[in-house]
Amino acid sequence: MDRPEPAQPPPAGPPAFLPPEPPSAAGDTTGSAAGSTAGGPDGTAPPPRTRRWLRDRIPVALALLVLVPAATAVPWWLERRALLEQGTMPPSAVVADGPSADLAGSQWQFRGAVTGATGGEDPPPGTELVDAVFIVTPGDARASRLLLNSCEIRAVDDAGRTWDQTSEFSLRQLPEEVGTTTFGCGDADGEAVPADTGQGLVATFLVPEDAVAGLGFEVRVDTSEAARAPRPAAVLFRD
Amino acid sequence: MASPLLRRAATALASLLLLGGIVAAHAMRPAFEDATAPIGHRGSAHEPVDARRFTIEVEKVEFAHAVSDGDALGAGPRLTADPGNRAIWVVVWATMTATDASLTVPDPVLLETGSGYSYAASDRLSNALNAFGTRLDPGIPRHGAFAFEVPRERLTDPTLTVSAREGLDDRLSASAEVGLGLDADRIERLVDAAADSLAIEPVTYR
């Protein structure tokens with residue numbers, strides 16, 4: 001019951017969490033008459049005991065300086081990595097250097113975009129029909145499966161707006177050998193593309209007329225067959 | 001100065017208060033579903049309502065005793081409002097446009113009434129804006145209707161609530177709450193003028 005009284009002035013003494021009082025205001029020759037913890041108002045150096053107290057806390061302060069940002073950044077980084085692996089957070093697309101790119105073990109070749117091949121029927125007012133033509137060559141059986149199970153193609157304009165494939169004009173007659181792109185990418189019969197075989201694909205988009213000029217095409221494919229961590233990756237092709 | 005006993009009591013009380021505060025703060029923590037619920041944007045009919053991920057403009061509200069899918073091949077089955085509870089069809093015509101990505105309109109689309117009841121748009125009309133497969137694309141407005149079967153006496157100050165989302169995930173998607181601006185008089189007049197049957201035309205591009 002005989003603890004020091006924090007609210008009381010000396011002689012009980014300050015509690016341990018406060019810096020110590022300077023030795024004595026009366027005998028102080030350094031000029032700090034106020035008895036404060038730091039240097040006096042006239043800019044003189046703090047008394048030796050205060051300096052030592054501050055110096056003793058430098059390791060703690062440095063540790064906090066490292067630990068507090070780490071305690072924020074590490075969970076952020078771990079969660080971001082988990083979301084990217086799950087595909088909950090879309091992968092940022094790598095812009096293809098030229099018309100070819102490797103993605104998830106397959107070689108993608110962008111052959112260009114065809115505008116207005118509606119088969120005679122007019123597109124809705126203010127819109128254009130755009131077909132993106134690709135040839136994809138899976139490198140092995142695993143790449144074929146990844147293509148069949150996860151490949152998605154979307155159109156992206158300069159402003160970052162994206163369009164999924166349209167089902168309008170799906171009754172058009174396309175060449176027989178064109179593969180499927182609606183639920184994963186496969187051959188004309190919807191089966192996996194055999195390894196080392198080039199498969200032509202046509203992805204069809206209905207976009208506003210003002211978006212046609214700067215249109216790019218993003219291909220997204222899982223890079224892993226793990227159910228909970230498909231790790232999707234994406235490549236963006238531009239005309 | 002205060003006696004040690006009094007100080008201890010004060011410390012204990014402060015600790016209890018802080019503990020109580022922690023428990024209260026924990027209890028107020030929103031559930032995951034609430035924290036990630038669609039983000040609502042309010043507006044009113046006859047003006048575009050910007051829900052950030054999409055815009056919606058309610059253009060017309062019609063009342064009818066029966067609705068049906070109308071299309072080039074002739075009308076689909078007629079859905080008659082239940083006469084038992086004096087129900088009526090409220091058909092809300094609207095134009096929706098996605099802002100930056102292709103979206104779908106998930107069920108339920110709701111008509112919330114001033115009396116606190118919510119009615120889901122009928123999913124039996126394949127021409128409705130909320131029908132399976134209707135898609136909103138950036139820069140391409142789509143015009144269509146939502147149809148609600150509502151008992152007349154519960155039809156006060158209706159508000160349309162529509163959300164739209166990318167893929168299957170509706171966490172933090174966008175939702176618009178559009179006040180239809182129908183007061184009791186206007187509703188009465190619309191009920192009196194209700195059509196016997198109304199054909200819902202397919203969703204069109206605008």
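In this predicted model, D157(A), R161(A) and D210(A) are joined in a network of salt bridges, a salt bridge being a side-chain nitrogen of Lys or Arg within 4 Å of a carboxyl oxygen of Asp or Glu. R161(A) belongs to the loop between β5 and β6 of chain A and D210(A) to the loop between β7 and β8 of chain A, so that the pair ties together parts lying 49 residues apart in sequence; helices (H or I, at least four residues) and strands (E, at least two) are DSSP runs, numbered from the N terminus. R161(A) is buried, with a relative accessible area of 17%, whereas D210(A), at 61%, counts as exposed; here buried means under 20% relative accessible area, exposed over 50%, and partly exposed in between (1.4 Å probe, protein chains only).

Residues are numbered from 1 along each chain as its sequence is written, chains are lettered from A and ligands numbered from 1 in the order in which they are written. For this predicted model, local features need pLDDT of at least 70 and side-chain atom pairs count only at pLDDT 80 or more, while totals for chains, interfaces and linings use all residues, and side-chain values use heavy atoms, with hydrogens and water left out.

Over all chains, the structure holds 14 salt bridges. In chain B, one of them joins K60(B) to E62(B), with the closest N and O atoms 4.0 Å apart; K60(B) is partly exposed at 41% relative accessible area, and E62(B) is likewise partly exposed, at 23%. Another links D137(B) with R135(B) at a closest N and O separation of 3.0 Å, and both D137(B) and R135(B) are buried.

Leaving aside residues up to four places away in sequence, R220(A) touches several others, among them P90(A), S150(A), R154(A) and P232(A), contact meaning heavy atoms within 4.5 Å. S150(A) is also one of the buried residues of helix α3 (residues 141-150) of chain A, which include A143(A), S144(A), L146(A) and L147(A) as well. The cover over the buried residues of α3(A) includes β3 (106-115), β4 (127-138), β5 (152-156) and β8 of chain A.

The contact between the two chains takes 21 residues from chain A and 17 residues from chain B. The area buried between chain A and chain B is about 1,500 Å², of which carbon and sulfur atoms give 51%; buried area is the accessible area (1.4 Å probe) that two parts lose on being put together, summed over both. Across this interface, the rule finds zero salt bridges but seven residue pairs in polar contact, both residues being at pLDDT 80 or more. On the side of chain A that touches chain B, β6 and β7 (199-208) are the elements that give two or more residues, and β7(A) supplies the largest share, three residues.

Chain B has three helices and 15 strands, and 42% of its 206 residues count as buried. Most residues other than glycine have a negative phi, and most peptide bonds are trans. In chain B, the peptide bond from D107(B) to P108(B) is cis, with omega near -5 degrees, and P108(B) is found in the loop between β7 (103-104) and β8 (110-112). R86(B), which is not a glycine, has a positive phi of about 50 degrees and is placed in the loop between β5 (79-80) and β6 (87-98) of chain B. D157(B), also not a glycine, has a positive phi of about 40 degrees and lies in the loop between β11 (142-151) and β12 (159-164) of chain B.

The mean pLDDT of chain A is 84, with 81% of its residues reaching 70 or more; pLDDT is the predictor's confidence in each residue, from 0 to 100. Over residues 1-11 of chain A the pLDDT is below 50, and this stretch has nine contacts in the model beyond near neighbours in sequence.

Conventions:
A polar contact is a pair of N or O atoms within 3.5 Å; within protein, one must be able to donate a hydrogen and the other to accept it, and residues adjacent in sequence count only if both atoms are side-chain atoms.
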